[in-house]
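Here is a short report for a reader new to this structure. It begins with the whole chain and then moves to a sheet, a helix pair and the cores.

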Amino acid sequence: MHKTLLIGLREFRQRVRKRGFLLTSIGTPLLLILFWAFTGVVDSSPGQPPLAELAQANRPDSVIGYVDQAGLIRTIPDPVPADLFRAFPDIEAAEAALEGGDIGAYYVIPSDYRQTGSVQRISPQLPTSPPDTQWFNWMLIANLFPDAGPEQIARLRWPFNSSGLEFVNLSPKGEAGAEGNTMLPFLVTIAVMIPLFTSGSFLLQSLTQEKSSRVMEILLVSLRPRQLLSGKLLGLGALTLVQYVIWAVIGLLALVVTGRDASQLLSGISLSANELLLVLPYALGGFTLYAGIMAGIGALSPDIESSRTWVFVVSLPMMVPIYLWQAIVTSPNGPLAAALSLIPFSAPVAMLMRMTSTAVPLWQIGASLALLLITGIGMTWLMARLFRVQTLLSGESPSVHRVWSALRG
């Protein structure tokens, strides 16, 4: 046990000072915070533009005509410029003014506009987003509701904005969740997944570097192979825990600097206190599973280059929920989300996405967690069979036949 602790302490000290660990531990949360700040993941409410700004925004360069066959427009309301629109008695007069260059375009309000809401815009070219449509829309609303003031017209024009629309997630238990944002479960899942991958990659790098530098031969003189594996898993597990602590401290500092409340940051996810505690066993199970697999790849691979294909293959199951995150968040209790959260190789990511989106049945959480922990322990025990002197010191590239032979002993 003493030798195992020494290996763990050595692994922790070596990796905690590496530039890659510092960049991942500090740079990743900063990038997530910047993404949150610029995209408005939480509380992205630009609000309604003031009427004074609307009056000066995107005014067309030319006069716009209109033919009112419905007899609707009686006044040009504020803040629409009085000289922006010009009335014509019929389409022929408007067409002549358009051909003569007096107007840039003209609208036709048909006689059945009140029943159909149909309006035509005629111009020499087909613009993608003509600015005059915003002003003409305002003028139509003001004449449809002549007793409405500018504020009422603005409310008719924009029935709600992002600050006035509240998304409420109603769980199967009938409990109302908080204001939702589908990007937040994705970001929370990424934040939990990245340390799991980095710890596994650190273990793989450590083994392959020690094999290529012949340090492995020195270590195996006084260590049993399984003591080496246990020590590395212990040291990198502590490193992952430190990484989570660093992320939590940076997140709290960001809340203090921005003046936001922690409850506001978590308002887009529906995690209860008990469910929040489940993040730890899922992270522990994911670390045990993938660190064990990476250890097996590192035991078989003579260098980093020969292990890249294997790393991609074993990492793909955990990446599948990331590729399908919209489908999972949209239907968190659907068959796809449930299946991915029960499969141990994708459960740490898929189940966390589900829990941050809705209330997951307790039996599914229990079954998923049990399968993950059993598979993680079993995979670590299986990969430990690869930690033999002849396997660790071999210079052969990994293959399915070699893996099977090593496991059989």
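## The chain as a whole

Among contacts in the protein between residues at least 6 apart in sequence, 73% join residues at least 24 apart; contact means heavy atoms within 4.5 Å. This is a predicted model, in which local features need pLDDT of at least 70, side-chain atom pairs count only at pLDDT 80 or more, and totals for chains, interfaces and linings use all residues. Residues are numbered from 1 along each chain as its sequence is written, and side-chain values use heavy atoms, with hydrogens and water left out.

The protein has 20 helices and six strands. Both are DSSP runs, numbered from the N terminus: helices are H or I with at least four residues, strands E with at least two. Of the 409 residues, 43% count as buried. Buried means under 20% relative accessible area, exposed over 50%, and partly exposed in between (1.4 Å probe, protein chains only). The protein exposes about 21,500 Å², and carbon and sulfur atoms supply 63% of that area. Accessible areas come from the Shrake-Rupley method with a 1.4 Å probe; for residues, only the protein chains shown count as cover.

## The sheet

Four strands form an open sheet in the order β2-β1-β3-β4, with mixed pairing. Two strands pair if DSSP finds at least two bridges between them. β2 (85–87) and β4 (120–122) stand at the edges with a single partner strand each, so one side of each is left without a neighbour in the sheet. Neighbouring strands are turned by 25 degrees against each other on average, direction ignored. Axes are lines fitted to C-alpha atoms, for helices over the stretch in contact, and angles run from 0 to 180 degrees between N-to-C directions.

β1 (residues 64–68) and β3 (residues 105–109) run parallel, joined by five bridges. β3 and β4 run antiparallel, joined by three bridges. Three of the facing pairs are listed here.

| Residue | Opposite residue |
|---|---|
| Val67 | Val108 in β3 |
| Asp68 | Ile109 in β3 |

Which residues cover the two faces of β3? Ala105, Tyr107 and Ile109 lie on one side, Tyr106 and Val108 on the other, and all are buried.

## A helix pair

Helices α16 (residues 335–342) and α18 (residues 362–384) pack at an angle of about 35 degrees, with their axes 8 Å apart. Ala338, Ser341 and Leu342 of α16 meet Gln364, Ala367, Ser368 and Leu371 of α18. These contact residues divide into four nonpolar, three polar and no charged. Ala, Val, Leu, Ile, Met, Phe, Trp, Tyr, Cys and Pro count as nonpolar, Asp, Glu, Lys and Arg as charged, and the others, Gly among them, as polar.

## The cores

A nonpolar core is a set of buried Ala, Val, Leu, Ile, Met, Phe, Trp, Tyr and Cys residues joined through side-chain atoms within 4.5 Å. The largest has 56 residues; Met193, Leu203, Tyr282, Met318, Met355 and Ile365 touch the most other members. Helix α13 (residues 279–300) gives the most to this core, with 13 residues. Not counting residues up to four places away in sequence, Tyr282 touches Ala347, Pro348, Met351, Met355, Ile365, Ser368, Leu369 and Leu372.
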